[in-house]
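Trainee: I would like to go through this model with you. Could we start from the overall picture and work inwards?

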Amino acid sequence: MCRTALERFPAGGPRGSRPAEEFAAARRCEGMAAEVVMDLEQDAFLVVVPQQSTDRAL
C-alpha cells in the first residue's frame, strides 16, 4: 500500500508529549484516515494517510 506523509515529528520529544498522535487525531476528526508510524532510520514519527488512486473503475 502506498502512503503519503503529512507531517514528521522528532521521536525525542518531552516525556508525556505526543504531538504526532495529537496531529493524527485532529486529521481523523477532519475525516482523513491518518495514522502514526515510526521511521527508525530518521528516529522520527510520521503521520501518514493512504495515497489516493487517481484512476477509479466505474
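Trainee: What percentage of the 58 residues of the protein count as buried?
Mentor: This is a predicted model: local features need pLDDT of at least 70, side-chain atom pairs count only at pLDDT 80 or more, and totals for chains, interfaces and linings use all residues. Residues are numbered from 1 along each chain as its sequence is written, and side-chain values use heavy atoms, with hydrogens and water left out. Buried means under 20% relative accessible area, exposed over 50%, partly exposed in between (1.4 Å probe, protein chains only). Of the 58 residues, the buried share is 21%.

Trainee: In what order do the elements of the protein run from the N terminus?
Mentor: Helices (H or I, at least four residues) and strands (E, at least two) are DSSP runs, numbered from the N terminus. The protein has 1 helix and 3 strands. From the N terminus on, the order is β-α-β-β.

Trainee: Which residues make up the largest nonpolar core?
Mentor: A nonpolar core is a set of buried Ala, Val, Leu, Ile, Met, Phe, Trp, Tyr and Cys residues joined through side-chain atoms within 4.5 Å. The largest one holds 6 residues in all. The members are Phe9, Ala20, Ala24, Ala34, Val47 and Val49.

Trainee: How are the planes of Phe9 and Phe23 set in their aromatic pair: stacked, edge-to-face or tilted?
Mentor: Rings of Phe, Tyr and Trp (its six-membered ring) pair if their centres lie within 6.5 Å; planes under 30 degrees apart count as stacked, over 60 as edge-to-face and the rest as tilted. For Phe9 and Phe23 the centres are 5.7 Å apart, with 55° between the planes. The pair is tilted.

Trainee: Why does the pair tie together parts that are apart in sequence?
Mentor: Phe9 is buried, at 14% relative accessible area, while Phe23 is partly exposed at 22%. Phe9 lies in strand β1 (residues 3-10) and Phe23 in helix α1, so the parts tied together are 14 residues apart in sequence.

Trainee: Which element gives the most to the lining of the largest pocket?
Mentor: On a 1 Å grid over the protein atoms alone, a pocket is an open set of points where a 1.4 Å probe fits, with protein on both sides within 12 Å along at least five of seven lines; lining residues have an atom within 4 Å of a point. The lining includes Phe9, Pro10, Ala20 and Glu21. β1 and α1 are the elements that give two or more residues. With 3 residues, the top contributor is α1.
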